[in-house]
Amino acid sequence: MLARNSDMICNKFINIGVLCRNRASVFVASRSRHYNTEKPKWKRPEKGCIKLNFDGSSKSKKASIGGVYRNHEGVFLLGYSERIEKATSSVAELVAAKRGLELALENGWFNIWIEGDAKFVVDVMGKPAQMRSKEHDKHINDIKMLLSLLNHFDASHIFRRGNKVADKLAKLGYGMKMPKVWDEPPPEIIKFLRDDAKGK
């Protein structure tokens with residue numbers, strides 16, 4: 001498992017190609033394209049790329065996160081849900097994105113498309129961010145460090161309607177006593193997966 005507080009040090013602006021080194025390997029981080037998705041439908045990634053959709057949720061002094069990875073055919077690869085400590089919705093969104101990136105590295109996925117319905121999280125992946133608090137600052141720095149270890153990434157915003165699978169997984173997190181990672185989709189999201197694969 002990738003340690004949440006990694007001792008790897010990478011300094012990089014994510015829109016500039018640089019070399020990033022950890023203790024074992026060297027990865028080339030390529031130029032990222034940053035854009036918004038106008039239509040609220042989920043779109044498949046290109047062949048050779050996998051797609052992460054993430055979501056964070058906060059209500060009644062509780063918070064949870066969720067996310068899903070799918071390939072170019074819309075096939076489910078991995079999902080995650082987790083209840084986290086009390087957090088604002090913005091912090092929950094950051095944690096959801098960070099956890100998704102950790103799982104990508106744990107699984108050896110270095111070419112990914114990252115998408116969520118929290119525009120500010122997508123924005124901080126492509127440009128310097130105005131920090132809202134020390135907690136936001138920490139999670140944003142963690143996200144940028146993880147991004148720097150990828151070979152290539154794209155980041156995009158999508159409206160909630162196109163993020164149904166991640167939204168459902170985040171809501172499932174409220175009932176989790178322990179973090180959950182699925183290699184098979186839970187029944188609660190199967191309909192949404194099918195609809196997305198068909199472009200509905």
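Predicted model: local features only at pLDDT ≥ 70, side-chain atom pairs only at ≥ 80, totals over all residues.
1. Residues are numbered from 1 along each chain as its sequence is written, and side-chain values use heavy atoms, with hydrogens and water left out.

2. The whole structure holds 13 salt bridges, a salt bridge being a side-chain nitrogen of Lys or Arg within 4 Å of a carboxyl oxygen of Asp or Glu. Three of them, each within a helix, are described below; helices (H or I, at least four residues) are DSSP runs, numbered from the N terminus.

3. In helix α1 (residues 89–106), R99 and E102 sit 3 residues apart, about one turn of the helix. Their side chains form a salt bridge at 3.3 Å, N to O. R99 is buried at 7% relative accessibility, and E102 is buried at 2%.

4. Helix α2 (residues 119–124) contains K119 and D123, 4 residues apart. The salt bridge between them is 3.1 Å, N to O. K119 is partly exposed at 37%, whereas D123 is buried at 15%.

5. K171 and D167 belong to helix α4 (residues 164–172) and are 4 residues apart. Their closest N and O atoms are 3.4 Å apart in a salt bridge. D167 is buried, with a relative accessible area of 14%. Both residues are part of a salt-bridge network that also links D55, D117 and R160.

How values were computed: Helix = DSSP H or I, 4+ residues; strand = E, 2+ residues; numbered from the N terminus. Buried < 20%, exposed > 50% of the residue type's maximum accessible area, 1.4 Å probe, protein only.
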